[in-house]
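Trainee: I have a new structure on screen and want to learn how to read it. Where do I start?

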Amino acid sequence: MSVVGVLTAGGDCPGLNAVIRGVVARAEQVGVEVVGIRNGWEGLMKDRTMQLERDDVRGILGRGGTILGTSRMDPYVHGDGLTSCNRTLSRNGIESLIVIGGDGTLRSAMKLAEEGLPVIGVPKTIDNDIAGTDVTFGFATAVQIASDAIDRLTTTAEAHNRVIVVEVMGRTKGWIATYAGISGGADAVLIPEYPYDLDAIAQTIRKRHRAGHSYSIIVVAEGVKPPKGYEPPVMKKDAFGFDRLGGVSFQIADAIEDLTQFETRVSVLGHIQRGGTPVASDRVLATRLGVAALDFANDGMTNVMAAVQGNEIVAVPMKIATESIRGVPEDIYATAAVFFN
Ligand code: F6P
């Protein structure tokens, strides 16, 4: 193989630039040319590209976002699959494509591979919910940001004798909530995988306050259902047709305040969790994945993603990433729950 394309699609995630850098540096080492595709699938359909050489990726290892840009466009939603990408592929001589994206992006990457384009996936999401890999880069950074926020919210909650409900991202899974909850010492963590009981949570809060801890921190994953008696909020959809989540914590805080009569406040962390510099472990993971993805493409592999199993980077069929969404196992959630008292 002499020319590989690389694109980042879907929501951004700390570590994307480290993957791109890994691809480009390894490509130069083995004599492969890299074409960067701008703004995700949109650039592939509209022929927006840039040459990527070693000097173009110096200084980006610790930078958030993606130097290539991203979008939530999709060749199977906004185009007609491989046909809508062929012009860009042939004009740039691209023989194989490295696609860095979440489950929606990997689904489209798999379809392109099935249509005959050699494709390697690199799973990315702060949500950590992609099946077939033990962990995704960006997750550790999001957890660190949420944990730092909880530390800050704890001191103001304590000063004012308040309950603070902290809402974190994660879409339909509670990885960020559970890890940030453990790391930040949360008094309850509500995640979509397991039902919650607000009466029990209110009891815990009352007990804590009687014991002299006149504040509590409740971590809520954005994808949990509203409390009983509250209408699900009307949500706009994103370009993939997913609900644009965010805000359920206001209903949960309202219900907690009613039940406990303790003053309650909400903090929705939102996109802060996706911005800024990746933590060291995400930089290392993203770099390893970028180097491995280039090697897989250069070895003629297709329809696989570079995944983590144990401490190894392995090639896993992309199909696995599209068949299920990985939730928080009971034992990890149970560890968080040891401290709900
Ligand atoms: O999948 C990553 C994620 O950050 C989710 O946690 C969140 O629900 C969603 O993307 C937000 O997407 P957008 O950037 O389109 O608002």
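Trainee: Which residues surround the ligand?

Mentor: A residue is near a molecule if one of its heavy atoms lies within 4 Å of it. Here the ligand is surrounded by Arg72, Thr125, Ile126, Asp127, Met169, Gly170, Arg171, Glu222, His271 and Arg274. This is a predicted model: local features need pLDDT of at least 70, side-chain atom pairs count only at pLDDT 80 or more, and totals for chains, interfaces and linings use all residues. Residues are numbered from 1 along each chain as its sequence is written, and side-chain values use heavy atoms, leaving out hydrogens and water.

Trainee: How does the shell around the ligand divide into nonpolar, polar and charged residues?

Mentor: Asp, Glu, Lys and Arg count as charged; Ala, Val, Leu, Ile, Met, Phe, Trp, Tyr, Cys and Pro count as nonpolar; the others, Gly among them, are polar. This shell has 2 nonpolar, 3 polar and 5 charged residues.

Trainee: What lies 2.7 Å from an oxygen atom of the ligand?

Mentor: Look for polar contacts, pairs of N or O atoms within 3.5 Å. At 2.7 Å from a ligand oxygen lies a polar side-chain atom of Asp127. His271 also places a polar side-chain atom 3.0 Å from an oxygen of the ligand. Gly170 uses a backbone N or O atom, 3.1 Å from a ligand oxygen. On its own, the ligand has 400 Å² of accessible area (Shrake-Rupley method, 1.4 Å probe), and the protein covers 81% of that.

Trainee: Into which domains is the protein chain divided?

Mentor: Domain bounds come from an automatic or database assignment. The chain has domain 1 (3-138 + 278-323) and domain 2 (141-275). Each gives at least three residues to the ligand shell. Their C-alpha centres lie 33 Å apart.

Technical notes:
A polar contact is a pair of N or O atoms within 3.5 Å; within protein, one must be able to donate a hydrogen and the other to accept it, and residues adjacent in sequence count only if both atoms are side-chain atoms.
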